[in-house]
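Dear colleague,

Please find the structure below, handed over for your study. My notes on its salt bridges follow.

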Amino acid sequence: MPMIASMTGYGVATGKTPVGVATVECRSVNSRFLDLNLRVCEELRFVEPLLREALQKRLTRGKVEVRVTLRADEASAPTALHDDVLSRILALQTTILKAAPDAKPLSVAEILALPGVAAQPEASEDEVRAAVVELFERAFADFLAARTREGESLKHVFLKNCENILEIVGDVEKRMPEIHEHLRTKLQERLETALSEALTEKSTLSREEVSDRIRQEVTLYALRMDVSEEINRLRTHVREVRATLDKGGVVGRRLDFMTQEMNREANTLGSKAAAIEMTQASIALKLNIDQMREQLQNLE
């Protein structure tokens, strides 16, 4: 089963190649899309297309940076000097220093770095490419492992939020009969007071008709304040979130959609709040959902 991965990760690998010691670093942060940035030293530039292709095949989201650097070692030390090239460079330097005495002479390292001065060890592109790709695979494996570890940590956070949401809606559901009864009694008292004038001697309404009207109004109000549908939908969304987390893989966008739907139900429940307990429940729901939505920005 594929694991859930965060878009934040880091991996690095260093090793010898036929042209020196190379270091490959992979790092990423969250992004809506896949944004690749490869920084490869000039000596290994020919490997860049291969690395870019590998990243595009294995990643779907995230701002990813891969840096490849190279430093000299004994394997990359020059094997010989091209005397004719060196003589021309030294002659030119002498001429320049005569014309500009304040100029600084080239160091040995600077002279050796000039093109054509030193004969470099021969190494085929295939050998160098294979060595760099092997380092990339090691760094990328560490990179993916870091993303997976953080993804699993986020999964536990989401599951805890789901538990909190179910606990909140369960508590609301248990208290709804009590809330409805309190509201029914309070509303009935107010309606009886307001309609008491209808029972005067000049009124054509009977007491039974007024009582029936009061019962109708109380029933309609109770229906408008009923939140059982919102509670059921929230539970359905929580089940879907859990199923998506269990399935694993690339889940960020799907979970983002699910939390939007959950937030919609929490808002509806808040709009129907006829008691302080329902208002508090709506706020608590939105707090947990917002926490999920914030963390979801880091999931692939």
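**Salt bridges and exposure**

Glu-48 is buried, with a relative accessibility of 15%; buried means under 20% relative accessible area, exposed over 50%, and partly exposed in between (1.4 Å probe, protein chains only). This is a predicted model, in which local features need pLDDT of at least 70 and side-chain atom pairs count only at pLDDT 80 or more, while totals for chains, interfaces and linings use all residues. Residues are numbered from 1 along each chain as its sequence is written, and side-chain values use heavy atoms, with hydrogens and water left out.

Glu-48 forms a salt bridge with Arg-45, their closest N and O atoms lying 3.4 Å apart. The term denotes a side-chain nitrogen of Lys or Arg within 4 Å of a carboxyl oxygen of Asp or Glu. Arg-45 is partly exposed, at 36% relative accessible area.

A second salt bridge joins Lys-57 to Glu-53 (3.3 Å, N to O). Both residues lie in helix H1 (residues 48–58), 4 residues apart, about one turn of the helix; helices (H or I, at least four residues) are DSSP runs, numbered from the N terminus. Lys-57 is exposed at 66%, whereas Glu-53 is partly exposed at 39%.

In helix H4 (residues 125–194), Arg-129 and Asp-126 are 3 residues apart, and their side chains meet in a salt bridge of 2.9 Å, N to O. Arg-129 is partly exposed at 23%, and Asp-126 is exposed at 55%.

The search of the whole structure finds 17 salt bridges.

Yours sincerely

Terms used. Helices (H or I, at least four residues) and strands (E, at least two) are DSSP runs, numbered from the N terminus.
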